[in-house]
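I opened my notebook to look up how the strands pair and where the nonpolar residues gather. Here is what I went through.

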Amino acid sequence: MQLKIAHQTIYRYSESVDYTVQQLRLFPDSFEGQQVRAWTIEAPQDSLPEFRDGFGNRTALLTLDRPHRQVVLRVIGEVETEEMHGVVRGVPEPLPPAFYMRSTSRTRASEGLERLARPARAESSPLNRLHRLMSLVHLRILYEPGETHVATTADEALAHGRGVCQDHAHVFITCARLLGFPARYVSGYLWTAEAMDHDASHAWAEAWVKGLGWVGFDAANGVSPSESYVRMACGLDYGDAAPVRGVRRGGGSEVLNVQLQVQQARLQVAA
């Protein structure tokens with residue numbers, strides 16, 4: 001599938017900002033099942049120094065040391081994807097799977113999360129246990145924007161029973177680790193057949209299955225990632241894989257506006 005992506009992020013401030021530094025994880029990698037055909041980022045800086053972070057994510061550093069009232073980031077790209085049934089092969093892997101058993105403030109275990117994961121233990125195979133877990137999370141947390149925020153924990157999202165894809169991913173990750181599976185958070189894009197603009201990128205989880213490797217699970221939609229997904233970055237939780245993360249000095253209050261379009265490119269037929 002050929003997917004075209006246009007992603008614009010605008011930060012506006014009520015007062016002048018003296019200094020901004022942001023890490024941009026807005027670059028997809030090419031690997032088995034995903035090939036980046038074109039990708040550009042427009043930012044208020046002539047060149048963006050790039051590096052690989054500790055998780056292997058391609059990352060750029062934006063630094064503005066002049067007064068400004070807004071920051072505008074634009075991404076335009078095209079990615080070719082293939083159906084891999086959720087299996088991830090060929091991405092940079094600087095860390096062993098066991099590292100992803102580590103919990104964070106957003107993915108701390110609780111009695112409620114243990115109860116949620118418990119029925120999946122009865123499944124006959126590791127892959128079946130993870131698919132059962134995905135179904136349990138999907139049914140337990142209703143997708144409803146505006147009910148949570150970036151700092152919401154897995155336990156809080158479970159107790160609330162509502163959230164967005166970030167919350168589904170955090171709950172799945174926490175429960176997968178309770179079941180003994182290394183699990184990590186993934187950020188990226190999702191194409192849907194309905195032509196619509198989005199106000200956020202997408203998120204899902206990956207779990208390590210012995211003999212198979214990393215496998216994706218999108219508990220928000222109750223499916224494994226398909227050719228409709230573009231994978232960007234991964235980490236222990238949202239904080240490690242956020243598309244944009246940074247600090248600023250000054251600025252007063254902040255207003256964030258995100259516009260995102262993911263479209264299927266039309267095939268060109270030769271005459």
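I started at Phe51, which stands opposite Thr59 in β4. This is a predicted model: local features need pLDDT of at least 70, side-chain atom pairs count only at pLDDT 80 or more, and totals for chains, interfaces and linings use all residues. I number residues from 1 along each chain as its sequence is written, and side-chain values use heavy atoms, with hydrogens and water left out.

Next I checked the strands (DSSP runs of E, at least two residues; helices are H or I, at least four; both numbered from the N terminus). Strands pair if DSSP finds at least two bridges between them. I found β3 (residues 50-52) antiparallel to β4, joined by three bridges. Their hairpin has five residues between the strands, and Gly56 there takes a positive phi near 90°.

Which strand pairs with β4 over five bridges? I traced it to β1 (residues 2-24), again in the antiparallel sense, with β4 covering residues 58-64. Gln23 stands opposite Leu61 in β4.

Then I turned to the nonpolar cores. A core is a set of buried Ala, Val, Leu, Ile, Met, Phe, Trp, Tyr and Cys residues joined through side-chain atoms within 4.5 Å. Buried means under 20% relative accessible area (1.4 Å probe, protein chains only). The largest core has 37 residues; Leu130, Leu133, Val137, Val171 and Phe172 touch the most other members. Helix α4 gives the largest share, seven residues. Apart from this core lies another, of 26 residues, among them Tyr11 and Leu64.

Definitions and conventions
Buried means under 20% relative accessible area, exposed over 50%, partly exposed in between (1.4 Å probe, protein chains only).
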